[in-house]
Amino acid sequence: MILRIASLYRYPVKGLSPERLDRADLTAGGYFPGDRLFAIENGPSGFDPAVPTHQPKIKFLMLMRDDALARLRTRYDDATGTLVIEDGGREAARGDLLTEAGRGAIETFFRQHMAESLRGAPKVLAAPEKDFRFTDSRRGFVSIINRASVAAIENMVGVPVDPLRFRGNVYVDGMAPWAEFDLIGQMLEADSGVRLKVTARIERCAATNVDPDTGFRDLDLPNTLQRRLGHADCGVYAEVLKGGAVHAGERLTVQGAAASV
């Protein structure tokens, strides 16, 4: 089976808007580059940057509960560490997330913008190590979305479904709906030589009910999947076995069973 990478996305700040990439430089055993580097703590979470451990997403601002986040547009500049937040087409906040003052500017914005959702003072948290990210899954290194499965969901609900509702890193074409689940334990090799091992299905939460353009909670996708298919899964996680650059438009070839990192 030969797949094609339709698009690549990263989410520098957990719960905020995606950034489309032309290429991504993957590292063996590492996370998707630039993905979930930061999170907005919603009141004290117990997260200790000196001993970073996975925290449940309910401890952060997140789309599953805070749908107003989808109406924001954000940009993160790796070189300067600057996050820009736009609300309604205008710049609403800007801050260098690598400095206390810059994080404070972003925290002030969320204290005002998300006042009704806050359980305590919002705080910008940064992933302290290259091998830690604020992902939903402890081993959610790279998420892959089969666009044919999204099209099948559209047929179920009878309205367009933006694939970005599933907040994946790698969107692929070339498979039948739900065939991504058959790839678990298999290796994918890109034209560039990058190798990925597909490890697990992704169970979807209520974040997928939020339209990523409007911010309105207009669908009930996990329950629809559960009723129609007996599960609420869409997409798979993968580990990076061999690093390198992958590009939008590149092929991924299914190579068979693979060993872990």
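The tour below goes through strands, then helices, then a few single residues.

**Before you start**

This is a predicted model, in which local features need pLDDT of at least 70 and side-chain atom pairs count only at pLDDT 80 or more, while totals for chains, interfaces and linings use all residues. Residues are numbered from 1 along each chain as its sequence is written, and side-chain values use heavy atoms, with hydrogens and water left out. Helices (H or I, at least four residues) and strands (E, at least two) are DSSP runs, numbered from the N terminus.

**Stop 1: strand β4**

Select residues 38-42, which form strand β4. Are its residues buried or exposed? Five of the five are buried, so the strand is largely enclosed by the rest of the structure. Buried means under 20% relative accessible area, exposed means over 50%, and partly exposed lies in between (1.4 Å probe, protein chains only). Show the side chains: Phe38, Ile40 and Asn42 point one way from β4, while Ala39 and Glu41 point the other way.

Strands of a sheet pair through backbone hydrogen bonds, either parallel or antiparallel. Two strands count as paired if DSSP finds at least two bridges between them.

Now step back to the loop between β3 (23-26) and β4, and pick Arg36. Arg36 has a positive phi of about 50° although it is not a glycine. With a relative accessible area of 12%, Arg36 is buried.

**Stop 2: an open sheet and a helix on it**

Next, select β5, β6 and β7. These three strands form an open sheet in the order β5-β6-β7, with antiparallel pairing. The edge strands, each pairing on one side only, are β5 (72-77) and β7 (90-96). From one strand to the next, the twist averages 15°. Axes here are lines fitted to C-alpha atoms, for helices over the stretch in contact, and angles run from 0 to 180 degrees between N-to-C directions.

Strand β6 (residues 82-87) pairs with β7 over six bridges. Look for Ile85, which stands opposite Ala93 in β7. Contact means heavy atoms within 4.5 Å.

**Stop 3: helix α2**

Select residues 147-157, helix α2, and colour Ser149, Val150, Ala152, Ile153 and Met156, which are buried. Why do they line one face of the helix? Seen down the axis of α2, the buried residues fall within an arc of 155°, so they line one face. The arc is that of the directions from the helix axis to the C-beta atoms. These residues pack against β9 (142-146), α3 (221-229) and β13 (233-242).

At the N-terminal end, Asn146 caps α2: a side-chain oxygen lies 3.0 Å from the backbone nitrogen of Ala148. This is a polar contact (a pair of N or O atoms within 3.5 Å; within protein, one must be able to donate a hydrogen and the other to accept it, and residues adjacent in sequence count only if both atoms are side-chain atoms). Ala148 itself counts as partly exposed, at 21% relative accessibility. Ala148 and Pro177 are 29 residues apart in sequence and 4.8 Å apart in space, C-alpha to C-alpha. Just after α2, Gly158 takes a positive phi of about 80°.

**Stop 4: helix α3**

Where they meet, Ile153, Met156 and Val157 in α2 face Leu221, Thr224, Leu225, Arg228 and Leu229 in α3.

**Stop 5: Arg165**

Finish in the loop between α2 and β10 (170-173), where Arg165 lies. At 4% relative accessibility, Arg165 counts as buried. Its side chain reaches the backbone oxygen of Thr208 at 3.0 Å.
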